[in-house]
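Student: I've got a new structure open and I'd like to learn how to read its helices. Could you walk me through it?

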Amino acid sequence: FTRDVSANVMATENVPVPSAEELTSVATGGGRGGGEEQGTEGESRPHEVIKLKVTGFQLSAKDFNYQLEVEVGAEKKTITRQYNDLLWLHRVVSKNLEAGGNIVPPMPAPPPRVPDATVMKIGDHSRSLFGDQTEIPRLAMEGFLQALASHQYFSENHIVYSYLTREQLSDHDQHSASSLWTQFSKVISDYQISSIVEPDEHFSRCLKGVEKRTAALHTCSQDFARMCHSWQNFACSLMAVTEDMRLLGNNEESRNEQCARYCFKFAEGLEEDKEYSHAASLDSMTTIGFTFDLYHKYHEQVKEMLFRRLSKVQLLTIASQQLEKTRPDKRPIAEKAKEDAQKTLDRVSATAKDEYVHFQHEYTNQMRMRLQAYVEAQVTHCKRSLENINKLKSDLEAIL
């Protein structure tokens, strides 16, 4: 992408990208999920509407620094967060909090380190210089943060609220250690849960469907990326041939002036085809390619949510087994433990069902919209390419 700045200027002028609103609507629940209990890592707080926008990011020596515009009520401020800070927040949300049946938004990958660009600022010229290498990471992070802020269960947690709204963060090294231990504990619990047979037929079908779609989306994402890279390689090849044709035209003697004009005119046509190929690859990545990758990550989070519910099934099973073995004088305590486990399972199951239904609805709608956007973009590029070929044909004939 960075070999030819002028090509990127043309290729990124009309690239359709997912809006932040589209990313926010994906499996966030739109403020649902307030009924789950908060974990010990953060207390619940009154819900406030948080509006977030990622205005830019800079590549420092060690990390990426994101600039965020935050609006809470009438208060507006600009704060800075490092990628590692936000990564830690995602680990807290997905591992430490008792998320229950809520779907945790997936954490975006860090932005690519563009060669020869020690500082990258999002602004009027960012897409012209780097194409989707800055736009997609910015939109992905904005979508992740807005998903947390718009979901009542997550935004009411004090840790999440502080990370999204406070200008200065306190030292969280002591939390990081507990986060790592929780992550290690979760690996063990997932191994144990994976051996449990899901007693609920509805959730059993959900889990099987999610596992199949996760694998299929991952394969689609990789294959589509390879296809887009092929377009990019084709554009680079056209650029090389264009330079060769121009060089050939410059080396022609005066008696072969007509041949030189042929070479120059053909080079001009290849130049336009190169720009169309760049534009086609960018449109593909910002429509279907981005969507495949995003929903692959979201399906991983849905699967994790279903595993969390399965852990509640395991706790209920253990409580039932303990009740059968309990002595008569201890039965009231065991019965209360089983009753609490049943209530927790029912609450988590109800939230999980609502989240899953909402996620399926948004997944279907967003996939339809992005597929349609991809097809429309490709039709446009094909028409422009065909017009360019016909024009090139006419120009070459006119030289005769």
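Tutor: Start with length: the expected span of a helix is 1.5 Å times one less than its number of residues. Helices here are DSSP runs (H or I, at least four residues), numbered from the N terminus. This is a predicted model, where local features need pLDDT of at least 70, side-chain atom pairs count only at pLDDT 80 or more, and totals for chains, interfaces and linings use all residues. Residues are numbered from 1 along each chain as its sequence is written, and side-chain values use heavy atoms, leaving out hydrogens and water.

Student: What distance does helix 10 reach from its first C-alpha to its last?

Tutor: Helix 10 (residues 257-325) reaches 100 Å, close to the 102 Å expected for its 69 residues.

Student: Where is the kink in helix 10 centred?

Tutor: A bend at a residue is the angle between axes fitted to the seven residues ending there and the seven starting there. In helix 10, a kink of about 40 degrees is centred on Met-285.

Student: How do helix 10 and helix 11 run, roughly parallel or roughly antiparallel?

Tutor: Axes are lines fitted to C-alpha atoms, for helices over the stretch in contact, and angles run from 0 to 180 degrees between N-to-C directions. Under 35 degrees counts as roughly parallel, over 145 as roughly antiparallel, 65 to 115 as roughly perpendicular, and the rest as oblique. The axes of helix 10 and helix 11 cross at roughly 170 degrees and come within 9 Å, so these two helices are roughly antiparallel.

Student: At what angle do helix 9 and helix 10 pack?

Tutor: About 165 degrees, with axes 7 Å apart. Helix 9 and helix 10 are therefore roughly antiparallel too.

Student: And what about helix 9 with helix 11?

Tutor: Their axes cross at roughly 25 degrees and come within 13 Å, which makes helix 9 roughly parallel to helix 11.
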